[in-house]
Amino acid sequence: MKTICFYFQVHQPWRLKRYRFFDMGRDHNYLDDLTNRSIMQKVARECYLPMNALLFNLIRQSEGRFRCTFSLTGLAVEQMRAYAPEVLDSFRRLARTGCVEFLAETYSHSLASLSSKEDFMQQVALHTELMKKEFGVAPTAFRNTELIYSDEIGEMVARMGYKTMLTEGARHILGWKSPDYVYTNSINPKLKLLLKNFRLSDDIAFRFSDKGWDQWPLTADKYASWLNAADGEIVNLFMDYETLGEHQGGDTGIFDFIAALPAQIFASTNFEFLTPKEAAAKHQPVAPLHVPYPISWADEERDVTAWLGNELQNEAFEELYKMKNKVNALKDPVLTHDFD
């Protein structure tokens with residue numbers, strides 16, 4: 001059988017308030033508490049709670065044949081604790097089914113892997129402890145912030161003990177090769193790579209509600225037929241969780257589409273749902289993937305220029321990380337959290 005790997009990223013940044021020069025040394029709360037509360041509660045209402053209930057029902061109705069995967073950043077979990085604890089409860093309920101895998105990642109959704117190996121490892125260790133505490137699981141698969149990956153980053157992840165890593169099936173890296181196979185890190189072949197099928201993922205994430213799209217409206221049977229046409233062994237559907245109910249609102253029919261999809265796939269295709277850990281155990285890699293420069297799932301370029309694309313960004317990034325050793329030396333948890 002072929003494999004579908006459904007993965008959702010869950011992240012909410014702490015929004016910062018307007019902070020003026022004259023606030024320096026006087027006001028040490030940098031967060032916009034009102035905005036953070038209202039956004040978390042809105043997304044919980046429109047996406048997290050209805051989707052978690054829907055996925056729980058799909059798992060139950062399929063007797064565990066439907067399976068999916070999440071990465072929850074530490075910052076998202078902090079805001080759920082503060083403003084929407086019922087969301088955390090619903091993720092714990094999913095964890096107890098045994099059909100949902102939780103991935104390791106950077107705690108604060110940071111770009112540490114592009115700057116500091118030490119900080120990157122600290123962020124990942126912090127996040128892994130959080131996953132153990134909240135969901136009782138120690139992740140074995142990894143996804144970096146925004147699916148950022150390179151040969152060097154993958155080798156670091158392998159040395160941390162992870163067996164599988166998710167990243168983008170970037171066309172400029174793959175060339176003629178298909179994203180629908182398992183690959184390996186070119187430095188350490190023990191690390192298996194699952195690559196996002198960006199066309200089929202983006203059909204849901206970006207094009208679903210576009211009435212100008214020549215395939216609108218997208219139905220479960222149409223999508224299942226596209227899966228049948230995939231030429232490889234595994235189709236990795238990776239997207240922001242907020243796609244479902246937030247970016248693609250409930251009035252677009254997105255919930256009905258997701259609800260109908262597993263039964264349609266079971267009835268008309270040769271696919272089964274697996275998590276990254278299960279998929280990597282089942283499928284043998286076909287080749288190493290050479291990625292000398294970092295890639296990501298952002299923008300058309302599928303690289304890191306969204307964050308480090310001009311001199312101003314690069315200088316700000318360098319200046320920020322120059323402060324890291326000073327922050328660490330102070331051993332002040334509040335200051336460390338602010339920095340992260």
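Buried means under 20% relative accessible area, with a 1.4 Å probe and protein chains only. A salt bridge is a side-chain nitrogen of Lys or Arg within 4 Å of a carboxyl oxygen of Asp or Glu. This is a predicted model, where local features need pLDDT of at least 70 and side-chain atom pairs count only at pLDDT 80 or more, while totals for linings use all residues. Residues are numbered from 1 along each chain, and side-chain values use heavy atoms, without hydrogens and water.

Start with glutamate 146. Its place is the loop between β4 (141-143) and α5 (151-159). Glutamate 146 is buried but has no salt bridge. Arginine 143 is the nearest side chain of opposite charge, 5.5 Å away. The side chain of glutamate 146 does make a polar contact of 2.8 Å with that of tryptophan 297. Such a contact is a pair of N or O atoms within 3.5 Å, one able to donate a hydrogen and the other to accept it.

Now the pockets. A pocket is an open set of points on a 1 Å grid where a 1.4 Å probe fits, with protein on both sides within 12 Å along at least five of seven lines; lining residues have an atom within 4 Å of a point. Of its 29 lining residues, Lys196, Phe206, Trp297, Ala298 and Asp299 are closest to the centre. The lining divides into 10 nonpolar, 6 polar and 13 charged residues.

The largest pocket holds about 1100 Å³. Its 32 lining residues include Leu16, Leu320, Asp338, Phe339 and Asp340, the closest to its centre. Here 18 are nonpolar, 8 polar and 6 charged.

How values were computed:
Points joined across faces, edges and corners; volume = space filled by probe spheres on them. Nonpolar A, V, L, I, M, F, W, Y, C, P; charged D, E, K, R; others polar. Helix = DSSP H or I, 4+ residues; strand = E, 2+ residues; numbered from the N terminus. Buried < 20%, exposed > 50% of the residue type's maximum accessible area, 1.4 Å probe, protein only. Lys, Arg positive; Asp, Glu negative; His and termini not counted.
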